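Hello,

Here is the structure I promised to pass on. My notes follow below it.

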Amino acid sequence: MDMKKNYILLLLLCLCFAGCKEKTVVESDYLPIADPYVMLYEGKYYAYGTGGTVEGEGFACFSSDDLKNWTREGQALSAADSYGTWGFWVPEVYYIESKKKFYLFYSTEEHICVATADAPQGPFRQEVKQPIWDEKSIDTSLFIDDDGTSYLYFVRFTDGNVIWVAEMNDDLTGIKQETLTECIKVGEPWELSQDKPAKVAEGPSILKKEGIYYLIYSANHFESKNYGVGYATSDSPTGPWTKYEGNPILQRADGLTGTGHGAPFRCKDGSWKYIFHAHWDSTKVQPRTSYIKDFAISDRGTVSIGGPLVRPQVLGSASSEKVK
């Protein structure tokens, strides 16, 4: 009888510890994602990026009211709900009002994909588990022009990493391949890495102001301390593009290295900011973490990234394990 009681007591203790572990709150002094993206929806900020998950491959979602303090919402996309099983990179989420859906554009297994959900936290799923097109490519960014035409900007491996654009189909699940147009390739001195034998132009974002299109992009190499951000302008969403003579507009900012591959986003007060990642420190690339600075386009059409540095931190988590 005593042995039976001891067994039951041990079982109850195990269940108790298991339950406590699931409720453990994790705190960290950094936002553990690279290639970050922020969306403002109904007064709350949502962040997504490469890494930061505690459930294997896929993407996590973080939320914030003030851009400084963030809470992990959980897994936005799991590999089980996607075409790919490894290499989940560069997520961007958009709410498409006409479709009453959230669209997650991302890369997996070096193919570009899109998944949908009814909420910004997900869960996102691909109804048909296949890439947007067959060719290997990465780094998607959606832009919908004033006339309703949807464009997808992404990287093809045509001469190193090169940024291209194509019009999207009405359902936003495929591209019109006959519209494929090259946008940005490496050519300027700052874009060429001195320590990595690679030509890299990537991480596109598109904005439009007063009839001018702004393509913000990253170049050099993400493992280089000189990874940075520049931009180009055009009077058409498909180019041709003219690179800004003062590029890069973000490089080694605030003592950070490897600063780049981010995205501009609108704030609650109507101003703009730019979220980007940087190396862990001056001697180690990983784990990359995200930071935020002011973003603006002046009356003269000049883009700037500056102002005070915001260092986001994760205050609490629904997960029980700290991301490494």
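Is cysteine 113 buried or exposed? Cysteine 113 is buried, with a relative accessible area of 0%. Cysteine 183 also counts as buried, at 11% relative accessibility. (Buried means under 20% relative accessible area, exposed over 50%, partly exposed in between, with a 1.4 Å probe and protein chains only.) The disulfide count is 0, where a disulfide is a pair of cysteine sulfur atoms within 2.5 Å.

Before you go on: this is a predicted model, local features need pLDDT of at least 70, side-chain atom pairs count only at pLDDT 80 or more, and totals for chains, interfaces and linings use all residues. Residues are numbered from 1 along each chain as its sequence is written, and side-chain values use heavy atoms, without hydrogens and water.

Next, the cores. The largest nonpolar core has 34 residues. (Such a core is a set of buried Ala, Val, Leu, Ile, Met, Phe, Trp, Tyr and Cys residues joined through side-chain atoms within 4.5 Å.) Phe105, Phe124 and Leu152 have the most contacts inside it. Elements giving it two or more residues include strand E1 (34–41), strand E6 (101–108) and strand E9 (150–156). A second, separate core has 19 residues, among them Trp190 and Leu215.

Last, a sheet. Four strands form an open sheet in the order E17-E18-E19-E20, paired antiparallel. (Strands are DSSP runs of E, at least two residues, numbered from the N terminus; two strands pair if DSSP finds at least two bridges between them.) Its edge strands are E17 (260–266) and E20 (303–310). Strand E19 (residues 289–297) is joined to E20 by 5 bridges. There, isoleucine 297 stands opposite valine 303.

Best wishes
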